[in-house]
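Subject: Structure handover

Hello,

Here is the structure for your files. Please look through the sequence and the model before reading the notes.

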Amino acid sequence: MVSFRKKKSSKAAGKAGADDVATPKGGAPPQADDSRDEQPAIPSRPPTMDDIPDLLATMEKEKGEKAANATKRVYELCDVGHKQNRVPMVCSGKYDVLTPLANCLTQESGDGRHLACLALNNLSIPTENKR
């Protein structure tokens with residue numbers, strides 16, 4: 001016969017009487033308060049040119065993984081499948097993508113610096129972007 005009870009983990013087993021204290025009178029366990037851990041979800045859709053201002057703002061204001069995710073999405077906009085975006089990203093005057101990407105190069109380590117290098121390399125390929 002299969003049991004549907006949750007097995008106690010080794011950490012939970014070490015806490016004596018934790019179940020008795022945590023269960024309210026109604027019998028249902030309390031719900032965890034995840035509100036402080038909520039992060040805005042990264043859209044599952046591919047990035048578009050309209051997303052660039054928000055991505056650049058995230059790259060400038062945030063640190064760590066959030067900035068790296070924004071840098072990755074900028075890179076996705078100029079990868080081999082999106083060659084048509086390279087010239088407008090640099091030459092249109094609508095976006096200043098080079099400054100935030102160059103600022104990412106000052107990071108000591110991490111994905112952000114690597115992705116910034118990849119994006120800058122892609123943006124430098126079209127002859128229209130070379131001066």
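The notes below go from the whole chain to single residues.

This is a predicted model, in which local features need pLDDT of at least 70 and side-chain atom pairs count only at pLDDT 80 or more, while totals for chains, interfaces and linings use all residues. Residues are numbered from 1 along each chain as its sequence is written, and side-chain values use heavy atoms, with hydrogens and water left out.

Overall make-up

The chain has 7 helices and 0 strands, and from the N terminus its elements run α-α-α-α-α-α-α. Helices (H or I, at least four residues) and strands (E, at least two) are DSSP runs, numbered from the N terminus. Of the 131 residues in the chain, 25% are buried. Buried means under 20% relative accessible area, exposed means over 50%, and partly exposed lies in between, with a 1.4 Å probe and protein chains only. Among contacts (heavy atoms within 4.5 Å) between residues at least 6 apart in sequence, 58% join residues at least 24 apart.

Helices H3 and H4

Two packed helices are described by the angle between their axes and the distance between the axes. H3 (residues 52–61) and H4 (residues 65–77) pack at about 145°, and their axes are 8 Å apart. The axes are lines fitted to C-alpha atoms, for helices over the stretch in contact, and angles run from 0 to 180 degrees between N-to-C directions. The crossing of H3 with H4 is left-handed, a term for a near helix turned anticlockwise from the far one by less than a right angle; clockwise would be right-handed. From H3, the residues Ile52, Leu55, Thr58 and Met59 meet Lys66, Ala67, Ala70, Thr71, Arg73, Val74 and Leu77 of H4. The residues of this contact divide into 7 nonpolar, 2 polar and 2 charged. Here Ala, Val, Leu, Ile, Met, Phe, Trp, Tyr, Cys and Pro count as nonpolar, Asp, Glu, Lys and Arg as charged, and the others, Gly among them, as polar.

Helix H7

Ala116 is found in helix H7 and is buried, at 0% relative accessibility. Leaving aside neighbours within four places in sequence, Ala116 is in contact with Thr71, Leu101, Cys104 and Leu105. Its C-alpha atom is separated by 9.4 Å from that of Leu98, 18 residues away along the chain.

Asn122 also has its place in H7, which covers residues 111–123. Asn122 counts as buried at 11% relative accessibility. With neighbours within four places in sequence again left out, Asn122 is in contact with Tyr75, Cys78, Asp79 and Arg86.

Salt bridge and cysteines

The structure holds 1 salt bridge, defined as a side-chain nitrogen of Lys or Arg within 4 Å of a carboxyl oxygen of Asp or Glu. The pair is Arg45 and Asp51, at 2.9 Å from N to O. Arg45 is partly exposed, with a relative accessible area of 41%, whereas Asp51 is buried at 13%.

How many disulfides does the structure hold? There are 0, where a disulfide is a pair of cysteine sulfur atoms within 2.5 Å. The sulfur of Cys104 has its closest cysteine sulfur in Cys117, 9.5 Å away, which is too far for a bond. Cys104 is buried at 3% relative accessibility, and Cys117 is partly exposed at 41%.

Regards
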